[in-house]
Amino acid sequence: MKLVEVDIMDVMTGDKIGEWLEKQYLEWQLAEGSRKSIARFAAHLDASQGFISQVMAGKRRPSDETAVDWAVE
């Protein structure tokens, strides 16, 4: 599933990546048709649950390459 199309440079500016990723998580659950854990979302993105949680909380940022990969996943 491709995550919602965005201007990735807009996402990478400021602290928007965590908000963007949380919205993607919600959209992914809708597309899947049921509630899913962050661990399952992380597996979908080929990342650890801890890393995804930290990005959503604004504690860490993915590399530019990873963010682009997520945007086209």
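**The whole chain**

Start with everything shown as a cartoon. The model is predicted. Count the elements: the chain has five helices and zero strands. Read from the N terminus, the order is α-α-α-α-α. Now colour by burial. Of the 73 residues in the chain, 33% are buried. Next, look at contacts between residues at least 6 apart in sequence: 48% of them join residues at least 24 apart.

**Helices H2 and H4**

Select residues 16–32, which form helix H2, and residues 49–56, which form helix H4. How far apart are the axes of H2 and H4? The axes lie 7 Å apart, and the helices pack at an angle of about 120 degrees. H2 is therefore oblique to H4.

Show side chains where the two helices meet. On the H2 side, pick Ile-17, Gly-18, Leu-21, Glu-22 and Tyr-25. On the H4 side, pick Ile-52, Val-55 and Met-56. What kinds of residue make up this contact of H2 with H4? Six are nonpolar, one is polar and one is charged.

**Lys-36**

Move on to the loop between H2 and helix H3 (38–44), and select Lys-36 there. Is Lys-36 buried or exposed? Lys-36 is buried, yet it has no salt bridge. Glu-32 is the nearest side chain of opposite charge, and it is 4.5 Å away. A salt bridge needs a side-chain nitrogen within 4 Å of a carboxyl oxygen.

Now show the neighbours. Leaving out residues up to four places away in sequence, Lys-36 touches Tyr-25, Trp-28 and Gln-29. Tyr-25 is already on screen, as one of the H2 residues that meet H4.

**Arg-40**

Step into helix H3 and select Arg-40. Its relative accessibility is 48%, so Arg-40 counts as partly exposed. Draw a C-alpha to C-alpha distance from Arg-40 to Gln-29: the two are 10.0 Å apart in space and eleven residues apart in sequence. Gln-29 also belongs to the set that Lys-36 touches.

**Asp-46**

Continue to the loop between H3 and H4, where Asp-46 is found. Asp-46 has a relative accessible area of 74%, so this residue is exposed. Check the backbone next. Phi of Asp-46 is near 60 degrees, a positive value in a residue other than glycine. Most residues other than glycine have a negative phi.

Asp-46 and Asp-69 are 23 residues apart in sequence, with their C-alpha atoms 10.0 Å apart.

**Pro-62**

Finish in the loop between H4 and helix H5 (64–72), and select Pro-62. Is Pro-62 buried or exposed? Its relative accessible area is 6%, so Pro-62 is buried.

Select Ile-17 again, from the contact of H2 with H4. Pro-62 and Ile-17 are 45 residues apart in sequence. In space, C-alpha to C-alpha, Pro-62 and Ile-17 are 8.5 Å apart.

Definitions and conventions. Residues numbered from 1 in each chain as written. Predicted model: local features only at pLDDT ≥ 70, side-chain atom pairs only at ≥ 80, totals over all residues. Heavy atoms only, no water. Axes fitted to C-alpha atoms, helices over the stretch in contact; angles between N-to-C directions. Helix = DSSP H or I, 4+ residues; strand = E, 2+ residues; numbered from the N terminus. Parallel < 35°, antiparallel > 145°, perpendicular 65-115°, else oblique. Contact = heavy atoms within 4.5 Å. Nonpolar A, V, L, I, M, F, W, Y, C, P; charged D, E, K, R; others polar. Buried < 20%, exposed > 50% of the residue type's maximum accessible area, 1.4 Å probe, protein only. Lys, Arg positive; Asp, Glu negative; His and termini not counted.
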